[in-house]
Amino acid sequence: MRISLFIGQSAELNPEQAPGLISAIHKQPADAPLWCDFLGLRGDEQSDRRHHGGPDRALHHYPAEHYTWWKTWQTALGLPVPRTPWQPAAFGENLSGSGLTEAQACIGDVYRLGEALIQISQPRSPCFKLNQRFGYSQLSQVMQLSGRCGWLLRVLEEGRVDPQGELTLVDRPYPELTVKRTADILFNQARNEEELQLLLENPALSPNWRQHAAHWLEHGVVADWSRRLLGPTEFRLSRQG
């Protein structure tokens with residue numbers, strides 16, 4: 001599977017309407033081989049290290065075929081043209097390619113990308129900055145509900161990767177736990193102890209996601225995602241989309 005690489009630096013996301021809101025979502029295509037270490041691609045940045053980046057969130061993969069779906073969604077609802085075009089890197093991903101979606105990719109999948117060895121660690125948890133990025137107040141919620149979130153990866157072996165490289169599956173230890181199923185268990189379905197236990201016991205799933213599963217099991221109450229999805233009051237958009 002052919003993969004394109006994207007990197008970017010922190011900048012204001014929407015200076016006119018949300019001054020002071022910083023993000024590294026503005027990614028550009030890599031034009032030369034890059035070193036991939038345990039924190040991601042050399043030259044890439046995460047502006048909010050509390051919620052982005054780190055060893056379990058070193059890379060973000062987003063399926064390129066989803067952009068057609070987003071364009072159809074926008075057109076079907078009669079929404080204005082987005083602030084950012086529907087094209088690879090628009091969601092801030094480092095890796096983009098066609099042929100692998102959340103319904104096929106599994107937690108714990110190990111892939112060879114150039115010299116690097118990478119592993120899927122969790123689904124992406126969409127946040128309110130996507131609403132500002134595209135100009136639609138509920139885009140993050142639509143992404144979470146639809147399951148078109150992409151996924152995050154850890155780096156098992158460092159190495160050089162080419163800007164147009166091949167992603168090759170090396171191992172799939174947990175074929176029963178797709179990225180889509182993982183996200184649905186936590187985000188999009190009623191409390192199911194058996195399925196939450198499946199997340200809790202999966203050693204390849206990031207500690208943060210296992211902690212959410214443990215909390216729901218212990219307390220019987222799902223986490224409140226509203227602040228992540230909608231953001232602080234000063235950064236919320238008026239309803240549109």
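Thr84 counts as buried, at 12% relative accessibility. The threshold for burial is under 20% relative accessible area. The model is predicted. Thr84 lies in the loop between H1 and S8. A polar atom of the Thr84 side chain sits 3.0 Å from the backbone oxygen of Arg133. Beyond residues up to four places away in sequence, Thr84 touches Ala90, Arg133 and Phe134.

The loop between H1 and S8 also holds Ala89. Ala89 counts as buried too, because its relative accessibility is 5%. Most residues other than glycine have a negative phi. A positive phi also occurs at Gly147, near 80 degrees, in the residue that follows H3.

The whole structure contains 15 aromatic pairs. One of them joins Trp86 and Phe134, with ring centres 4.9 Å apart and planes at 15 degrees, so the pair is stacked. This pair links distant parts of the chain, 48 residues apart. Trp86 belongs to the loop between helix H1 (66–76) and strand S8 (95–97), and Phe134 to helix H2 (residues 129–134). Both Trp86 and Phe134 are buried.

Phe187 and Trp225 form an edge-to-face pair, because their planes stand at 85 degrees, with ring centres 5.1 Å apart. Phe187 lies in helix H4 (residues 179–188), while Trp225 lies in the loop between H6 and helix H7 (226–230), so the pair ties together parts that are 38 residues apart in sequence. Phe187 and Trp225 are both buried.

Ring pairs also build a cluster. Its members are Tyr62, Tyr67, Trp69, Trp70, Trp73, Trp86, Phe91, Phe134 and Tyr136.

Asn131 is buried, with a relative accessible area of 3%. Its side chain makes two backbone contacts that involve separate parts of the chain. The Asn131 side chain reaches the backbone nitrogen of Ser140 at 2.9 Å. The Asn131 side chain also reaches the backbone oxygen of Leu229, at 3.2 Å. Leaving aside neighbours within four places in sequence, Asn131 is in contact with Arg83, Tyr136, Ser137, Gln138, Leu139, Ser140, Leu229, Leu230 and Leu237. Glu166 is 35 residues from Asn131 in sequence. In space, Asn131 and Glu166 are 32 Å apart, C-alpha to C-alpha.

Two helices, H3 and H4, are mostly covered. In H3, six of the eight residues are buried. These are Leu139, Ser140, Val142, Met143, Gln144 and Ser146. The buried residues of H3 pack against strand S7 (59–63), H1, H2, H4 and H7. Ser140, buried in H3, is the residue whose backbone nitrogen the side chain of Asn131 reaches.

In H4, seven of the 10 residues are buried. The buried positions are Val179, Thr182, Ala183, Asp184, Ile185, Leu186 and Phe187. They pack against strand S10 (116–123), helix H3 (139–146), strand S11 (151–157), H5, H6 and H7. Phe187, in this buried set, supplies one ring of the edge-to-face pair with Trp225.

H5 and H6 also pack against each other. Two packed helices are described by the angle between their axes and the distance between the axes. The axes of helix H5 (residues 193–200) and helix H6 (residues 207–219) come within 8 Å. They cross at roughly 145 degrees. The crossing of H5 and H6 is left-handed. H5 contributes Glu193, Leu196, Gln197, Leu199 and Leu200 to the contact. H6 contributes Arg210, Ala213, Ala214, Trp216 and Leu217. By residue type, the contact of H5 with H6 divides into seven nonpolar, one polar and two charged.

How values were computed: Residues numbered from 1 in each chain as written. Predicted model: local features only at pLDDT ≥ 70, side-chain atom pairs only at ≥ 80, totals over all residues. Heavy atoms only, no water. Axes fitted to C-alpha atoms, helices over the stretch in contact; angles between N-to-C directions. Helix = DSSP H or I, 4+ residues; strand = E, 2+ residues; numbered from the N terminus. Left-handed = near helix turned anticlockwise from the far one by under 90°. Contact = heavy atoms within 4.5 Å. Nonpolar A, V, L, I, M, F, W, Y, C, P; charged D, E, K, R; others polar. Phe/Tyr/Trp six-rings, centres within 6.5 Å; stacked < 30°, edge-to-face > 60°. Buried < 20%, exposed > 50% of the residue type's maximum accessible area, 1.4 Å probe, protein only. Polar contact = N/O pair within 3.5 Å; in protein donor to acceptor, adjacent residues only side chain to side chain.
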